[in-house]
Amino acid sequence: MPSTRKKTFWLQSVPIHSLLFAVYPIVALLAFNISEVEVSSGFRPLFLSMLMAGFLMLIAYGIYRNWGRAALMTTIVLILFYSYGHVYILLKGVNVDGLYLFRHRTLIPLWLMLATLAVWWASRKSLNITSVTYTLNVIGLFLLIMPVIQLISFSIQSGTSQTEESPVLNLEIGSQPPDIYYIILDGYGRADVLENEFEYDNSAFLNELRDLGFVVADCSQSNYAQTQMSLASSLNFNYIDALSDRFVAGSEDRTGLDALIQHSAARASLEKAGYKTVAFATGFLFTELTDADYFLGPGYSWGQLNEFEALLMETTFARLLQDGNRFGMQTSGSERFRERTLFTLEKVDELSYIPDPKFVFVHLIAPHPPYVFGPTGGPVEPAEAGTTKTQEGAEHYRDQVIYINSRILEVVPKIIANSPTPPIIVIQGDHGPTVPSSRRARMSNLNAYFLPGADTSVYPTITPVNTFRVIFNTYFGQDLELLDNVSLYSEYDDPFNWRVVPNSCKTSE
């Protein structure tokens, strides 16, 4: 018994729970999004949160002259601050006859009432501070266990990932090798899907691409339903199960996919042949080739929020500043997508200053949500940025298709005109749009090729896995066998449990 008391004494007497509750929201959000953000993006909010906790505790101590009660007051404030955005997101859609019950105007008074009751409860002289301190310390430690384990596990797996590499090819290049532009338009669906699901006729855009010299694979399907797998497959010109035996049904470990994208066989082969790699910031860790010869993105000052900080802000009481756009703060994650997309579209046709042959990798998060562009490029309200699963979302998806079409038709002719040697350009959806109960729509993607001077091997049902096989065979002296075109659908929570989606598109061939 004395030994047990000794072990638990510090939990009863040292109120560390304020620090724990200051750290937990940031660590938990980092762990949940670890495959898409850098751990370092959480350093600043982590420091500021701990600083805020310390400041609040000093103020509370000045009032109560008791560290245990001061810590309790601080933890109450932290819980209310960090939970507000989560509750708002959860309840904002609740309505009665079109009247939305939970908006800031109703939640703020409710939060003030909760704060008042909590302060009254914590201020009672009869409250057993020792018992409360022990309970909150234990809860805080327990909450941190899982996200900390997730972060450590991800770091270890990322550092020791033993994903098999595709062979690096010895490409044959001439005296004037063509630049290669691989442009991924995230979630861009095939023409018949846009027509049937979104009531949008995309023929004008596709015909203009054809007039420029593109060949459009009218019945293309993606090989995978998720970006990481789709790009890992296409950039290594093989199927995931052939690249590694670690990706098996029941596993959610995607860490090896990031390496397959960032250090792909296509990139390695081209760099070995003398190409320079050019890539752009995307906001998604797995498609940011930060070690490229040229990695381009809009610059951010220290005072601006990074992607993770903007996401964190949405889940806290500070969401009020974001939704109200107070003080001219650029806080919205959607705004960051918008800024990066505009930057890429403005710079991708200006790369002629790079003298060496270039492999240009472009991943635009459009027309995929978040919906940040209207049909003419104007901004979309953050509240409207969402999913294609609703009628409103479908309209925004269609608007974003219209805008990205107009910009692609501006950019591509400039790329062709500015290139000393006619370039290779591939414009491809990594997958199609999300349509309720339609795997076929999700697997039906845009797929267009500009292959100058070539007797094209592109056919209507070609899939992305054969993209670089065609390019390397046609231009670089390779004799790679074209693979069967198979579309493998899986759900996000079981990514490697694939189901074949047959191609029912009608083709003249």
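A disulfide joins Cys219 to Cys505, with the two sulfurs 2.0 Å apart. This is a predicted model, and the count of such links in it comes to one disulfide. For anyone new to the term, a disulfide is a covalent bond between the sulfur atoms of two cysteines. Cys219 sits in the loop between strand S4 (215-216) and H9, while Cys505 belongs to the segment after strand S11 (494-500), so the bond ties together parts that are 286 residues apart in sequence. The angle about the S-S bond is -60°, and the link of Cys219 and Cys505 is left-handed. Both ends are tucked away: Cys219 has 2% relative accessibility and counts as buried, and Cys505, at 15%, counts as buried too.

Next comes the sheet. Seven strands make up an open sheet with mixed pairing, and reading across it gives the order S4-S9-S8-S3-S7-S5-S6. S4 and strand S6 (294-296) are the edge strands; each has a single partner, so one side of each is left without a neighbour in the sheet. Further in, S3 pairs with S7 in the parallel sense over six bridges, and Ile183 stands opposite Val362 in S7. S3 also pairs with S8, again in the parallel sense, this time over five bridges; here Ile184 has Gln428 in S8 as its bridge partner. S7 in turn runs parallel to S5, with four bridges joining the two, and Val278 stands opposite Val360 of S7.

How enclosed is S3, and why? Six of its six residues are buried, so S3 is largely enclosed by the rest of the structure. In a regular strand the side chains alternate between the two faces of the sheet. In S3 both faces are covered, with Ile180, Tyr182 and Ile184 buried on one side and Tyr181, Ile183 and Leu185 buried on the other.

Ile180 also turns up in the largest nonpolar core, a set of 48 residues in which Ile180, Phe468, Ile471, Phe472 and Phe476 have the most contacts. Several elements each supply at least two residues of this core, including strand S3 (180-185), helix H9 (227-235), strand S7 (358-364), strand S8 (424-428) and helix H18 (467-475). Leaving aside residues up to four places away in sequence, Phe472 touches Leu169, Leu171, Phe237, Ala266, Leu270, Gly477, Gln478 and Leu480.

Aromatic rings get together in quite a few places: a search of the whole structure finds 24 aromatic pairs. In one of these pairs, the ring centres of Phe280 and Phe343 are 6.5 Å apart and the planes lie at 65°, so the arrangement is edge-to-face. Phe280 comes from strand S5 (residues 276-280) and Phe343 from helix H15 (residues 333-347), so the pair ties together parts that are 63 residues apart in sequence. Both Phe280 and Phe343 are buried. Elsewhere, ring pairs link Tyr182, Phe237, Tyr275, Phe359, Phe361, Phe468, Phe472 and Phe476 into a cluster.

Rings also meet charges. The charged end of Arg124 sits over the ring of Trp120, 5.8 Å from the ring centre. Arg340 does likewise with Phe337, where its charged end sits over the ring, 5.1 Å from the centre.

Notes. Residues numbered from 1 in each chain as written. Predicted model: local features only at pLDDT ≥ 70, side-chain atom pairs only at ≥ 80, totals over all residues. Heavy atoms only, no water. Core = buried A, V, L, I, M, F, W, Y, C linked by side-chain atoms within 4.5 Å. Buried < 20%, exposed > 50% of the residue type's maximum accessible area, 1.4 Å probe, protein only. Contact = heavy atoms within 4.5 Å. Pairing = 2+ DSSP bridges. Phe/Tyr/Trp six-rings, centres within 6.5 Å; stacked < 30°, edge-to-face > 60°. Lys NZ or Arg CZ within 6 Å of the ring centre and 35° of its normal. Disulfide = S-S within 2.5 Å.
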